[in-house]
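Hi,

Have a look at it first, then read on.

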Amino acid sequence: MLDAKSKKSKEFYQNLGKLFYAIAMADYSVHAKEMECLTELVREHWLPLDDNVDEFGTDAAFQIETVFDWLLEYEKDSETCYEEFEAFYRSNKALFSEEIKNLTMSTARAIAGAFFGSNKAELVLLGRLQLLFRG
């Protein structure tokens, strides 16, 4: 999927972390169920995608959780994080196969629905993401 020697792999997963954080934080708070959902999905779906590792020998897909946790700790803005993901996507469309887009959408939907279903703010971001992937 992604070139193991490329810095893009790490950057790819970091930007997914920004996106998933933006979805969870769309309502100005991240709930424990959203974090649990992310952790489960990373382990079940993102880790098996490839065998890329970071400079510490850790599966690069863990960057999703690392970035998510960092953004949460520093209470970063949802909209800013979404815009950063969008800019990364537009500059790196080749990294996003249909399989990756589908997995990204299903992960984003699951996070949005993890805490009493999706709210309006989360649905708006999900809609924007869907349009981005179609464009």
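Glu 65 counts as buried, at 11% relative accessibility (buried means under 20% relative accessible area, exposed over 50% and partly exposed in between, with a 1.4 Å probe and protein chains only). You'll find Glu 65 in helix H3 (helices are DSSP runs of H or I with at least four residues, strands are runs of E with at least two, and both are numbered from the N terminus). Setting aside neighbours within four places in sequence, Glu 65 is in contact with Leu 38, Thr 39, Val 42 and Arg 43, where contact means heavy atoms within 4.5 Å.

Before I go on, the ground rules. This is a predicted model, so local features need pLDDT of at least 70 and side-chain atom pairs count only at pLDDT 80 or more, while totals for chains, interfaces and linings use all residues. Residues are numbered from 1 along each chain as its sequence is written, and side-chain values use heavy atoms, with hydrogens and water left out.

Asp 50 is buried but has no salt bridge (a side-chain nitrogen of Lys or Arg within 4 Å of a carboxyl oxygen of Asp or Glu). The nearest side chain of opposite charge is Lys 10, and that is 14 Å away; for charge, Lys and Arg count as positive and Asp and Glu as negative, with His and the chain ends not counted. What Asp 50 does have is a side-chain polar atom 3.1 Å from the backbone nitrogen of Asn 52.

On to the salt bridges, of which the structure holds 6. Side chains of opposite charge can pair when their charged atoms come close. Here are three of the pairs:

- Glu 11 pairs with Lys 8, with 3.6 Å between the closest N and O atoms. Both sit in helix H1, 3 residues apart, about one turn of the helix. Glu 11 is partly exposed at 31% relative accessibility, and Lys 8 is partly exposed too, with a relative accessible area of 32%.
- Glu 86 and Arg 90 meet at 3.5 Å, N to O. They are 4 residues apart in helix H4, so about one helical turn separates them. Arg 90 is exposed, at 53% relative accessible area.
- Arg 128 pairs with Glu 79, the closest N and O atoms being 2.9 Å apart. This pair links distant parts of the chain, with Arg 128 in helix H6 and Glu 79 in helix H4, 49 residues apart. Arg 128 is partly exposed at 28% relative accessibility, and Glu 79 is partly exposed at 30%.

That last pair brings us to the packing of H4 against H6. Two packed helices are described by the angle between their axes and the distance between the axes. For helix H4 (residues 78–91) and helix H6 (residues 120–134), the axes come within 11 Å and cross at roughly 10°. Axes are lines fitted to C-alpha atoms, for helices over the stretch in contact, and angles run from 0 to 180 degrees between N-to-C directions. H4 and H6 are therefore roughly parallel to each other (under 35 degrees; over 145 is roughly antiparallel, 65 to 115 roughly perpendicular and the rest oblique). On the H4 side the residues that meet H6 include Tyr 82, Phe 85 and Tyr 89, and among their partners in H6 are Leu 125, Leu 129 and Phe 133.

Asn 119 counts as partly exposed, at 24% relative accessibility. Its side chain reaches the backbone nitrogen of Glu 122 at 2.9 Å, and a polar contact of 3.1 Å joins the side chains of Asn 119 and Asp 27. A polar contact is a pair of N or O atoms within 3.5 Å; within protein, one must be able to donate a hydrogen and the other to accept it, and residues adjacent in sequence count only if both atoms are side-chain atoms. The C-alpha atoms of Asn 119 and Ala 26 are separated by 8.7 Å, though these residues are 93 apart along the chain.

Finally, some backbone angles. Most residues other than glycine have a negative phi. Tyr 28, though not a glycine, has a positive phi of about 70°; Tyr 28 lies in the loop between helix H1 (7–24) and H2 and is exposed, at 73% relative accessible area. Glu 75 isn't a glycine either, and has a positive phi of about 50°. Glu 75 is in the loop between H3 and H4 and is exposed, with a relative accessible area of 65%.

Cheers
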